[in-house]
Amino acid sequence: MIKYTNIKKSFSGRTVLNDISFSVAEGEIVFILGTSGTGKSVLLKNTVGLMKPDSGEILFQGTDIVQLNEEQLLEIRKQCGMIFQHPALFDSLTVRENLAFGLKRLKKLNDDDIEQLIKQSLEDVNLSLDILEKKPSEISYGMQKRVSIARTLAIHPQVLLFDEPTTGLDPVTTTAINQLIYTLSRKHKITSIVVSHDMGCAIDIADKIIVLDKGNIIEQGSVTEVQKSQVPLVKDFMLEVSNDIS
Ligand SMILES: Nc1ncnc2c1ncn2[C@@H]1O[C@H](COP(=O)(O)OP(=O)(O)OP(=O)(O)O)[C@@H](O)[C@H]1O
Ligand SMILES: [Mg+2]
């Protein structure tokens, strides 16, 4: 579905991504873990063309995203939806207007179809329709995160890119969102790339885990493979999970 080959990205001479290569198969859930500042968000932004790498190739179903112009990228973004680290809803718009915004921009639909998609996407993230007329400031942070997921789901993308979907959330909401990613992947065959600090979430639902450090992939493989890793940073991530359990 997506294939990254030799992705490099620097800012003012400082290397952030250093020769990253990996691929994501259709329907797979791939977790990208790493400490703060290792370039995880930069990697996701490159995937939807919000940023361009200095060199390398990102094939989305065979098309190199790096070479596309803005108009062509809009087509990609209909199929490859990104859920940002912060919910980034429009404060002055209601939940309904926030959900309708992208639909109106990306899809030529009538009002009834838009209403239908809004309701369906809210149900998908287990939110009640009661919040449709509320402003983001009137709902909790966890609900805002779910609305931001619903906003992307409504477009019906084939791929979802999640940038820290559970950071800052309580354990119950974290589990619910993790479960949602799993359901979307298995039930709707959506391919997911999830950037996270949370090894526990990765262990629960990932098909593949990639660990980044200082712009390099230092470990990758299935959950079982990564659990056996001897790389010190990966072992630290694992230790955190066992400390949480004990
Ligand atoms: N537009 C930009 N201009 C300059 N530097 C940037 C830009 N975007 C990101 N960086 C730098 O790239 C590095 C990686 O940033 P990135 O946001 O990808 O980190 P991250 O792994 O997502 O961290 P976190 O876990 O804290 O979200 C940081 O040092 C950041 O300052
Ligand atoms: Mg980030």
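Predicted model: local features only at pLDDT ≥ 70, side-chain atom pairs only at ≥ 80, totals over all residues.

Residues are numbered from 1 along each chain as its sequence is written, chains are lettered from A and ligands numbered from 1 in the order in which they are written, and side-chain values use heavy atoms, with hydrogens and water left out.

**Ligand 1 and its shell**

- Ligand 1 is surrounded by 15 residues, and the closest of them are R14, S36, G37, K40 and S41; a residue is counted here if one of its heavy atoms lies within 4 Å of the ligand.
- By class, the shell around ligand 1 holds four nonpolar, eight polar and three charged residues, where Ala, Val, Leu, Ile, Met, Phe, Trp, Tyr, Cys and Pro count as nonpolar, Asp, Glu, Lys and Arg as charged, and the others, Gly among them, as polar.
- Oxygen atoms of ligand 1 take part in polar contacts, which are pairs of N or O atoms within 3.5 Å: a backbone N or O atom of G37 lies 2.8 Å from one such oxygen, and an N or O atom in the side chain of S41 is also 2.8 Å from an oxygen of the ligand.
- H197 contributes a polar side-chain atom that lies 3.2 Å from an oxygen atom of ligand 1.
- Taken alone, ligand 1 exposes 630 Å², of which the protein buries 64%, with accessible areas coming from the Shrake-Rupley method with a 1.4 Å probe.
- Strand 2 (14-24) and helix 1 (40-47) are the elements that give two or more residues to the shell around ligand 1, and helix 1 gives the most, with three residues; helices (H or I, at least four residues) and strands (E, at least two) are DSSP runs, numbered from the N terminus.

**The magnesium ion**

- The magnesium ion, which is ligand 2, is coordinated by S41 (OG) and Q85 (OE1) at 2.0 to 2.6 Å; donors are N, O and S atoms within 2.8 Å of the metal (3.2 Å for Na, K and Ca), and water is not among the atoms, so sites may look incomplete.
- This pair links distant parts of the chain, since S41 belongs to helix 1 and Q85 to the loop between strand 6 (80-83) and helix 3 (95-106), 44 residues apart.
- S41 counts as buried at 19% relative accessibility, whereas Q85 is partly exposed at 27%; buried means under 20% relative accessible area, exposed over 50%, and partly exposed in between (1.4 Å probe, protein chains only).

**Salt bridges**

- Seven salt bridges are found in the whole structure, each being a side-chain nitrogen of Lys or Arg within 4 Å of a carboxyl oxygen of Asp or Glu.
- One of them joins K78 to E75, with the closest N and O atoms 3.0 Å apart, and these residues, three apart in helix 2 (residues 70-79), are separated by about one helical turn.
- R96 forms a salt bridge with E115 at 2.8 Å between the closest N and O atoms; R96 lies in helix 3 and E115 in helix 4 (residues 111-124), so the pair ties together parts that are 19 residues apart in sequence.
- The side chain of R96 also meets that of E133 in a salt bridge (1.9 Å, N to O), and E133 counts as exposed at 51% relative accessibility.
- Salt bridges that share partners join R96, E115, K119 and E133 into one network.

Conventions:
Polar contact = N/O pair within 3.5 Å; in protein donor to acceptor, adjacent residues only side chain to side chain.
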